[in-house]
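I opened this notebook page to record a look at the aromatic side chains. The entries follow the order in which I looked things up.

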Amino acid sequence: MQAEQEDRFQEFVRARWSRLVRTAYLLTGDVHHAEDLTQTALAKAYRSWRRISRSDNPEAYVRRMLVSCNSDRFRKRRVTEALTAAPPERAGRDEGAGRVEERGSLLAGLAQLPPKQRAVVVLRYWEDLSEAEVADVLGCSPGTVKSQASKGLAKLRMYPGLAADRTVSGGRGQGQGPRGQGHGHVPIQGQVQGGSR
């Protein structure tokens, strides 16, 4: 890899590391597995960086690799998971005890979802991707994303400890998502807000 490409890759890693690890954490349920998964995806990205860096959205490409590497983990062996209440890097704002408890319930509920449903819920509601973007990352149709999201949310609504009448926050906490919407909100009650974008 040429020096300029190397520099661009290093800059990408510095800028996206924390976000990729948080996504990997939600997919794996373990800080160490999340870091390993992120490193594996980035190692693969490094080998193809010249091509990836020319794409419209290198982060989406690497996110797809992250999800794919996680799926490979499940194909090789059944992984036992135990999500904890705190993601690897906490939001700078201190949340109240109720929110921390609610987040712990959400993470435990996510651990009960099958890998594909979990990936759909994480990418759609935590990462705030559109149905089309999630479909692209997972290599499936938008209809599959809709049905997996619906099934995943239905299971989360049934999970003990999740408030049936509220939306549970995750991701960056109180911040706004990249599209100016609430980032990291999983609708627990009623219809999915906003539908297709």
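I began with Phe-12, which is buried at a relative accessible area of 7%; buried means under 20%, exposed over 50% and partly exposed in between, with a 1.4 Å probe and protein chains only. I note that this is a predicted model, in which local features need pLDDT of at least 70, side-chain atom pairs count only at pLDDT 80 or more, and totals for chains, interfaces and linings use all residues. Residues are numbered from 1 along each chain as its sequence is written, and side-chain values use heavy atoms, with hydrogens and water left out.

I then looked up the ring pairs and found three aromatic pairs in the structure. Rings of Phe, Tyr and Trp (its six-membered ring) pair if their centres lie within 6.5 Å; planes under 30 degrees apart count as stacked, over 60 as edge-to-face and the rest as tilted.

I recorded Phe-9 and Tyr-46 as an edge-to-face pair, 5.1 Å centre to centre with 70 degrees between the planes. Phe-9 is in helix H1 (residues 3-28) and Tyr-46 in helix H2 (residues 31-47), 37 residues apart; helices are DSSP runs (H or I, at least four residues), numbered from the N terminus. Phe-9 is buried at 6%, whereas Tyr-46 is partly exposed at 32% relative accessibility.

I returned to Phe-12 and its partner Trp-49: the ring centres are 5.0 Å apart and the planes at 50 degrees, so the pair is tilted. Phe-12 lies in helix H1 and Trp-49 in helix H3 (residues 49-53), so this pair ties together parts 37 residues apart in sequence. Trp-49 is buried at 3% relative accessibility.

I noted finally that ring pairs link Phe-9, Phe-12, Tyr-46 and Trp-49 into a cluster.

Terms used: Helix = DSSP H or I, 4+ residues; strand = E, 2+ residues; numbered from the N terminus.
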